[in-house]
Amino acid sequence: MKAGCVSTEPSPPLWLLAELTYACPLQCPYCSNPVDFAHFGPELDTQEWLSVLREARALGAVQLGFSGGEPLLRPDLEVLIAEAHRLGYYTNLITSGLRLDAARVERLREAGLDHIQLSFQASARELNDRMAGTASFEQKKAAARLVKAAGYPMVLCFVLYRDNIDCVPQMLALAEELGADYVELANTQYHGWALLNRERLMPSAEQVKTAERATNQYRAQSDGRMKVYYVVPDYHDGRPKACVNGWGSTFLTVTADGKALPCHSARDLPGLSFPDVRRQPLREIWYDSPLFNRFRGFDWMKEPCRSCPERERDFGGCRCQAYLLTGDAANADPACSQSPLHAAVRNAVAGAGESVSSQTLIFRNRRNSLTDAKPEPAPRKAQTWTP
């Protein structure tokens, strides 16, 4: 075994994220989907997805997330869930809740789906619908009640950004009203469409601290029946997260058009070849492809990561964020206060919330994707709204 390497051979993947489609009825301007998704090739068909599920399970994957876009738009979703159930996966549907009625919930339950995570854009209808780009709030509430009635654990996710982060108490009240068992308050991570809109979305440091205090106050005063998780944003924390628990170590993403990725944002990185599950078996991709081996272990690291005592906890942070903010994916994640390039994050946070940004939001939709928008926080002609 080499010094500084975890193992001579990678561990098998434990978590498979199946991005079934990039089609979506919502247009969230913080979506983590690639900004150029409209240029991608055809989606994997039912038989191709079934093959992916079988190969990943044979590799060792045990957790399976169905996401998108909106996975409910796939008419074969129940077929895929049934096969995943037969194979022994624990399955999670990550959904906006649109197109989810009582009959569909029953079909999902009969197919063997284990878990449903439902997203909201805000705690009030006007802001939720504005950020979603379509009237969806009442449909989401109805979907949440259907999920609860079907006996699923009620899992709600609120993405936090400048315009809604002050409403954490109202979010928690809505979650209680809907009978939530788990609530994730997830500050926006600036990839994909969120990076395009960073100037407009980023809250101030004080807003982030206030929201965390409100969360902790709720925990202290509640009876604990509703578990609440508050995800601090990298930009405000001073420490990078252990992105996907280390590149090519735990997570395997397969995209709608058949690319296998170590994380859902890896397409942000230039100069890499992204293996296609239509052309290569997953075992070969996971163990032998240059992409999955590019940032495995520690030997690729530069200083200060290479000699940092935290490297086995945070793995140098996020490779995509390092590239997007510094131009080199091998640099220390600038979210880390020890990064020589931390100023890229510090300056962004310092300017957040000083005044209402004049930047208009770029909505995530096919038309805007076809404009070849680049992942940088700059205004451009697109479908927008101005506060």
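Modeller: Before we look around, one term: the expected span of a helix is 1.5 Å times one less than its number of residues. Helices (H or I, at least four residues) and strands (E, at least two) are DSSP runs, numbered from the N terminus. This is a predicted model, where local features need pLDDT of at least 70, side-chain atom pairs count only at pLDDT 80 or more, and totals for chains, interfaces and linings use all residues. Residues are numbered from 1 along each chain as its sequence is written, and side-chain values use heavy atoms, with hydrogens and water left out.

Colleague: How many residues does helix H1 have, and what is its reach from first C-alpha to last?

Modeller: H1 covers residues 46–59, which makes 14 residues, and it reaches 20 Å, close to the 20 Å expected. Just after H1, Gly-60 has a positive phi of about 130°.

Colleague: Which residues of H1 are buried?

Modeller: Buried means under 20% relative accessible area, exposed over 50%, and partly exposed in between (1.4 Å probe, protein chains only). In H1 the buried ones are Trp-49, Leu-50, Val-52, Leu-53, Ala-56 and Leu-59. An α-helix has 3.6 residues a turn, so residues three or four places apart point the same way.

Colleague: What covers the buried residues of H1?

Modeller: Among the elements covering them are strands S1 and S2 and helices H2 and H11. Leu-87 sits in H2, and beyond its neighbours within four places in sequence, Leu-87 is in contact (heavy atoms within 4.5 Å) with Leu-53, Arg-54 and Arg-57.

Colleague: Which way does strand S5 run beside strand S6?

Modeller: Two strands pair if DSSP finds at least two bridges between them. S5 and S6 run parallel, joined by 6 bridges, and the chain gets from S5 to S6 through helix H6 in a right-handed β-α-β crossover. Right-handed means that, with the strands pointing away from the viewer, the path from the first strand over the helix to the second runs clockwise. S6 also pairs with S7 in the parallel sense, over 5 bridges.

Colleague: What is the average pLDDT of the chain?

Modeller: pLDDT is the predictor's confidence in each residue, from 0 to 100. The chain averages 90, but over residues 1–7 the pLDDT is below 50.
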